[in-house]
Amino acid sequence: MRRITTVVGFTIVMMCLATGSLRASRETIVFWYGATQDERAVYERMIAEFERANPDIHVNALLVPQSYIERKLILSIAGKAPPDVVRFYTHLGGELMARYGLEPLDDLVRRDGVELKDFYPVAIRQNSFRERLYGMPWLLSPNALLYNIDLFRKAGLDPRKPPRNWDELVRYSLRLTKRDKQGTIQQLGFADLLSFNLFLWQNGGSLLSKDMRDPAFDSAEGKETLIWMRSFLDREVGDFTTLQAFNSSFKGAAQDAFGMGKVAMRIDSPFRIPDLRKYYPDLHFAVAPAPWKKLHTAEVVGNSLVIPRGSRHREAAWRFIKFVTSGEQMIRVCRAASRIPARRAAAMSPAFYSDPIMRPFVDEIPYGRSVPVVPGYQQFAEALGRNLEPALKGQSSAGQALAKADSECSAVLDRAMEDLSRLPLVPWKWLGAAAAGLLAALVALAGWQVSRRTSGSRAARREAAAFYLFISPWLIGFVVFTFGASLASLVFSFCKWDVLTPARFVGFRNYAELLGQDPRFVKTLGNTAYYTLFSVPLGIITGLALSMLMNQKVRAIGVFRTIYYLPVVVSGVATVIVWRWLFDANTGMINRLLSTNMPWASLTDGLHFMWVPLIANPPKWLVDPLFAKPAFIIMSLWGIGGTMIIFLAALQSVPEELHEAAKLDGAGAWQAFRHVTLPLLTPAIFYQLIIGTIASFQVFTQAYLMTGGGPSDSTLFYVLYLYFNAFQWMRMGYGAAMAWGLFLIIMLVTLVHFRLAGRWVYYEGS
Amino acid sequence: MSKSDGSDMSDKSDVSAANNKGAVTAPRLRRALAYIVLITGGLLMLVPFLWMLSRSVELPSEVASPGLGLIPKHFRLANYADALKLMKYPQLYLYNTLKVTALTVVGGLFSSSLVAFAFARLRAPGRDLLFILVISTIMLPAQVTMIPMFMIFRGLGWYDTLLPLIVPAFFGSAFSIFLIRQFFLTIPKDLEEAARIDGCSTFRIYWQIFLPLSKPVLATVAFFSFTAHWNDFMTPLIYLNSIEKRTLALALATFQDVWGVDIVSLMAASTLVLLPVLLMFFIGQRYIVQGNVMSGSKG
């Protein structure tokens, strides 16, 4: 019996070893991709086929959320643990190519005789920087004009003749725009009035100069384009905020403005088609080239496959890329993703070219342009959009807006392309040694101080020893994690660092720019202070009131407590969707309630009753610069459950006898609260004040997910701006300087609070 | 605070409305008023959640239908099954999430309360300076320490493991340390002095006097830590690469893309992820109001 067990055991061990060694002989490549539900099955099949054809390679495929893939990728490249292949979004990632975050592929392409001529030129262009190829083109999203056939007919327009040029586009749009009696837009002719890049290209203009070093949009073409956009906006919609409010009411898929017949014409990509077909089976629409002025142009966005710099499996990764960019695989993935293959022959296959909806998209690719691949482009785009807004709102002239945009964008490009080779590198080894020395010196100094100051009594010395022993978990964590990481960020704040190339010392330049040249430093600090000044006291007062209520012995109080804590628990993703819907200017619940009709007594000509809306013109919340911050403050009140339970816990340390005593002394409810309960709650209030202030100075997530800082920078909070600098515009050094600036401010506020605490915080134990 | 002596306490309800004439009806009125406020506020608090719930059982084609959207037109529970299927390995994610939250809550509670006790009750040179240092660790925005942290964890060989999610909690968090310290500071000194005279060690004073007296705040800290780790998807997003190591929050964030704007499945999955936390709170909330912990101890 025992022998059998041994034999079986031995066999099992051997089998495990065998499979283990088999696995070990396979090379594993890590592949990150973002994909929709329909695409996932295709990816799985594609990978299985690749592994069958290449038994020596194993693909570890990981679905990464598209909105975060860039951040994860940058961190992994900077942290020297990158994946081997990534599905890459070219419109986001010029930054990575232009800063050498990716492996160039030219030698591999040449060696294996891959014919780049088979690919569309625009696809090659968007994956190249300074004549080198950093990504293999894969899927393309050319934009074209989608138009609603039924709405065309209803307006008396011939659906076989979509608008071909700007004049026709304006004429058609005006005929297709419908308003109700109050003047509210019910149907919009053309929705994409703000696409400056596209219109500029169509008017023969260009974003950048030929050498790609300077902005070139401040030109006659640029001015003409902007003036035309403004007059179009004026005639079709009226004003900028109305358009934004209209557009933000629709959230795509089952709430798609075009699908619902609320928009008659739109510039859009092929990947929207499946949702339109799925949710609006009765929608009659067609696709045509986007109307142009001087130059037939279509914007083409693309996905490519890239190898991040530092990949340890370049050869295997390349084999995988070659496999999946073959015509056959491309067709399959493109069909699932509803995009157009980057290979011309594959795009011409019947799967796309025989489909009357897809064919016009394919025909647009030869006219395709995409955003330039230059370092600093993301910040360039942000600065351009922000500076053109006043012209579209009629607050400044087109010429002024373009000139301002030009000077800011040109500064952005100059900074991004600055030659750093003369600046000193950071001597990390020396700094690390110095930091360790500093730490050792601090510990020694502290030890000496402690022993000196407790030399008088043995008891004091033992108590001090116990103190340091008790806080040792925190001390160890601080030394191992926090100290080094914070110090590193302090060093970065004196550097220019784009995360992908080595940091270089620039002295106090970041701080000088922050204090002297960046008007948004003050602006974002103001936004943050506004938010903090309202949300913290409001939170404490409401939380206090709520906890008093929750401390009552009434029935089902546990259920109430749970309900009030519920919003704290809901995950971030869901919260954002819910709040966007609640605050929506036109269809949101808040505005519906605010504009419900209420009975109203009027005395104007004798007494009579009538129904009038509670508020005739409710605020447009998240799209109105004046009301966006208040909307965030209101949202913060939904998180009151956290504050509530802190105070509720604190209320438990209020002995009931004290209450009774106070009441017997003849104190009223208010006086009992004021003189008995409140003092005992002050430690908890003090905590909430400090922590609440720190947290709201760092408010970030909601603004990042809901408004992205807009409208007009009104919700651009300090840390959000910091994040944009550090992770989107690749100015980590500047971001670090901003962080330490904020650190100083918060520290100052906290120290003041601690200093004042003695006057009002009451600790029974001390 | 002097205790009024010898007065009869039997007539509590009357006393509670001290200088009110209609002393008998007042408590009832107050209770009714409390209910009204509680229910109105509760409804307000519930709105986002109700919307979530109603969307989660709706037909996909009806999601955008006009109306307030709080009452679903359909009741399709199969959405939940679909959402689970889309998540692929929900049990595995649940297991990982439970592992992370359980360990971080227990580890964090122990070390934070230990450190908090030292700051509240033990005298040592440099204590106040160190306390400011503790709080200062949360003043620097995490965005700029992300890359150095990443390098530290990678250097430790923790990339693509659950350790970066778990281990830091064992060193205590500034939020918890500060909060627990505030509560420890309100505990009367005479208690521990008596214990010291009886020969109690410092650790026993912490363990046998302070911890049992602080159930409300410990429960509060446990809830916060549980909620934060349950919902955190940024740390898992950065450090995890293997599908089988994912947590629920990361799976939710990932499938946001898969679902696109498929609000129905997203809301169904979000509701499912939310329920365990809610249940835990509902069961555990009574520990926050564990009676008047201090009463009687002073007498």
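Predicted model: local features only at pLDDT ≥ 70, side-chain atom pairs only at ≥ 80, totals over all residues.
Student: How many bridges join β7(A) to strand β11, and which way do the two run?

Tutor: Four bridges join β7(A) to β11, residues 285-288 of chain A, and the two strands run antiparallel.

Student: Which residue of β10(A) is the bridge partner of A144(A)?

Tutor: The partner of A144(A) is D268(A), and β7(A) is joined to β10, residues 263-268 of chain A, by four bridges, again in an antiparallel arrangement.

Student: Is strand β7 of chain A mostly covered or mostly uncovered?

Tutor: As a general idea, side chains in a regular strand alternate between the two faces of the sheet. In this case β7, residues 144-148 of chain A, is mostly covered, with five of its five residues buried.

Student: Why is Y100(A) partly exposed?

Tutor: A residue counts as buried at 20 or more other C-beta atoms within 10 Å and as exposed at 12 or fewer; Y100(A) has 17, so it is partly exposed.

Student: What is the phi of S712(A)?

Tutor: S712(A), although not a glycine, has a positive phi of about 50 degrees, and S712(A) sits in the loop between α32 (701-706) and α33 (718-728) of chain A. With 18 other C-beta atoms within 10 Å, S712(A) is partly exposed.

Terms used. Residues numbered from 1 in each chain as written. Chains lettered and ligands numbered in written order. Pairing = 2+ DSSP bridges.
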